[in-house]
Amino acid sequence: MTADTLTHHDHHHNADATDIFGFWIYIMSDCILFAIIFATFAVLHTDLYGGPALKELTDMPYVLVETMVLLSSSFTYGMSILALYKNEIKKVITWLIITFLLGATFVGMEINEFVHLCLEGHSWQSSAALSAFFTLVGTHGFHVFMGLFWMLTLVIQLLVFGINPMMRRRLTYLGLFWAFLDIVWIFVFTIVYLMEAI
Amino acid sequence: MSGPHETSIEHGSGQKTLSSYIIGFILCIILTLISFGLVEKRMLSDTYLYLGLAGLAVIQLFVQCICFLRLNCSPEGRWNLLPFLFSILIISILVGGSLWIMYNLNYNMSN
């Protein structure tokens, strides 16, 4: 290996590290967005405008299943990253599809919960507490939905391009994003569902 | 050109391993079940229940950051760690500050 290719390689991996660092900064700014919505929820969660308390509207076992589904999807995404290390493209795609299905189940369960709440007359227009509830849980759900869309795009790109440095980087970005969504969900189920149920 | 050096850099926040994923996954399941179990069975008084839930959530945050994201204090890892700590600072100011202000506002309005 000549000095020339070495320099090139160094430049390349530094660029990758910088790109991923940039994406990490985006994730942190998204954290702050969620923090603001959490603060809003914490301020408004008791303003029910005569409606029933949030704990009467939520179903614990249902939320537990949602939580486990999302947690498993984080694990299966990890499995696809490990397959990526070994350059096993079939395994990468299989694990991504499993992750996609788990994520889709999560979003489906959340939409089902929202539809039921609205049909029972507890929409975001009912009270400040419910507005805050729908904004917080909805923003998280929307992130997961966008992550699913992104995952599908990556599966198609993997089929077209195969595994190359560009695809490794893209899969790393989505991995960070997906782990981040699972971390935000820890606080959603603790603060919105469990603490309200006390 | 595909030595271990290359892969570790290209995957951002630290090298992932199967064992770290499995340990993280099992710990998270246990922590989640404890959280739900505490609320379901009402094993503690309300104040301790709030504290316990907050504690469990923070532990799970660290488990996921260490096992899934592989945040660490190595020279490369530090670049990810510093913005992370800074965000935690901003988040505590935002959330703590909002609650503090609104609590005082409520108190003054009703007195």
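## The nonpolar core

In this predicted model, the largest nonpolar core has 63 residues, of which F133(A), L136(A), F177(A), F180(A), F189(A) and V192(A) touch the most other members. Such a core is a set of buried Ala, Val, Leu, Ile, Met, Phe, Trp, Tyr and Cys residues joined through C-beta atoms within 7 Å; buried residues have 20 or more other C-beta atoms within 10 Å of their own, with C-beta atoms placed from the backbone.

At least two residues of this core come from each of helices 1 (3–44), 3 (60–85), 4 (89–119), 5 (128–161) and 6 (165–197) of chain A, and from each of helices 2 (18–41) and 3 (46–67) of chain B. Helices are DSSP runs (H or I, at least four residues), numbered from the N terminus. Helix 6 of chain A gives the most, with 18 residues.

## Helix 6 of chain A

The 33 residues of helix 6 of chain A should span 48 Å at 1.5 Å a residue, and its end C-alpha atoms are 47 Å apart, which agrees. The expected span is 1.5 Å times one less than the number of residues. Helix 6 of chain A bends by about 25 degrees at T190(A), the bend being the angle between axes fitted to the seven residues ending there and the seven starting there.

## The contact between the chains

The contact takes 41 residues from chain A and 40 residues from chain B, where residues in contact have C-beta atoms, placed from the backbone, within 7 Å. Helix 1 of chain A gives the most to the side of chain A that touches chain B, with 16 residues.

## Conventions

Residues are numbered from 1 along each chain as its sequence is written, and chains are lettered from A and ligands numbered from 1 in the order in which they are written. Local features need pLDDT of at least 70 and side-chain atom pairs count only at pLDDT 80 or more, while totals for chains, interfaces and linings use all residues.

How values were computed. A residue is buried if 20 or more other C-beta atoms lie within 10 Å of its own, exposed if 12 or fewer, and partly exposed in between; C-beta atoms are placed from the backbone. Two residues are in contact if their C-beta atoms, placed from the backbone, lie within 7 Å.
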